[in-house]
Amino acid sequence: MRYLALMRTIRLLLILTTALCACSTPHPDREIRNVGDEFLKAYNSGSFEALTAFFTRHAEAGRQDEAPGRAQWVRSFVWQPIRTLRVSSHAQPSPSEITYLGNSVVTDAWYRFSLEIDADTGGVSFGFESAAPPSTPQPRLTAAEAALQIHRYVDRVCEAGVFSGAILVARDGAPVVTRACTSDLHVVIRHELQSRMIPSHE
């Protein structure tokens, strides 16, 4: 009887300890996912104010004044060339880290965004890198379909201000697509190439 009473007491203590831990400690996976989603919302808005608010909220103690600089860096060197990131998947390599794989809605280039919460300071660090797209089979296009997609792509990157120049696509020596555009602030000029393009031998 004493043995059974002792076992019941131990079991009750274990249940209470587990319950107290669950109430006092936030789930780390859920926390980093919330932080990651919050960052993506601020990033995809393209707003300097939204990014500054995010980095202020998740800065190390005493380093909130660095938030505007971090926001400006992200907006200038990440958002400006990539713009909105269309997320395809996410992964959590550790309870305090999350990565997002996605592609730019403007250039279709693929990137990996990473966020990590420092266990000691609570500050959030951000990083990004180019990534390979998921290996999915692509339908074979006709020459006309490919030319149409290239035209649309050039228009999109020109209007976004991330490309300025000329493009010539040829098949069996014959031009399929010849386009050019010049981006100057909010002014975009597009025209078909009329002059003959001579390759440089320098």
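**Exercise 1.** Is Phe-55 buried or exposed?

Solution. Before starting, note that this is a predicted model, where local features need pLDDT of at least 70, side-chain atom pairs count only at pLDDT 80 or more, and totals for chains, interfaces and linings use all residues. Residues are numbered from 1 along each chain as its sequence is written, and side-chain values use heavy atoms, with hydrogens and water left out.

Step one is the scale: buried means under 20% relative accessible area, exposed over 50%, and partly exposed in between, with a 1.4 Å probe and protein chains only. Step two is the value: Phe-55 has 3% relative accessibility, so it counts as buried.

**Exercise 2.** Find the aromatic pair that Phe-54 and Phe-55 form, and describe its geometry.

Solution. Rings of Phe, Tyr and Trp (its six-membered ring) pair if their centres lie within 6.5 Å; planes under 30 degrees apart count as stacked, over 60 as edge-to-face and the rest as tilted. The whole structure has 11 such pairs. For Phe-54 and Phe-55, the centres are 5.3 Å apart and the planes make 80°, which is edge-to-face. Phe-113 and Phe-126 are edge-to-face too, at 5.3 Å and 90°. Phe-113 sits in strand β3 and Phe-126 in strand β4, so this pair ties together parts 13 residues apart in sequence. (Strands (E, at least two residues) and helices (H or I, at least four) are DSSP runs, numbered from the N terminus.)

**Exercise 3.** Work out the order of the strands in the open sheet.

Solution. Strands pair if DSSP finds at least two bridges between them. β1 (85-94) and β4 are the edge strands, each pairing on one side only. Now zoom in: seven bridges join β2 to β3, and Tyr-100 stands opposite Phe-113 in β3.

**Exercise 4.** Which cysteines does a disulfide join?

Solution. Look for cysteine sulfur atoms within 2.5 Å, the cut-off for a disulfide. The structure holds one: Cys-158 is joined to Cys-181, with 1.7 Å from S to S. Cys-158 lies in helix α5 (residues 143-159) and Cys-181 in strand β6 (residues 174-184), so the link ties together parts 23 residues apart in sequence. Next, the torsion: the angle about the S-S bond of Cys-158 and Cys-181 is about -80°, so the disulfide is left-handed. Finally, check burial: Cys-158 is buried at 0% relative accessibility, and Cys-181 is buried at 2%.
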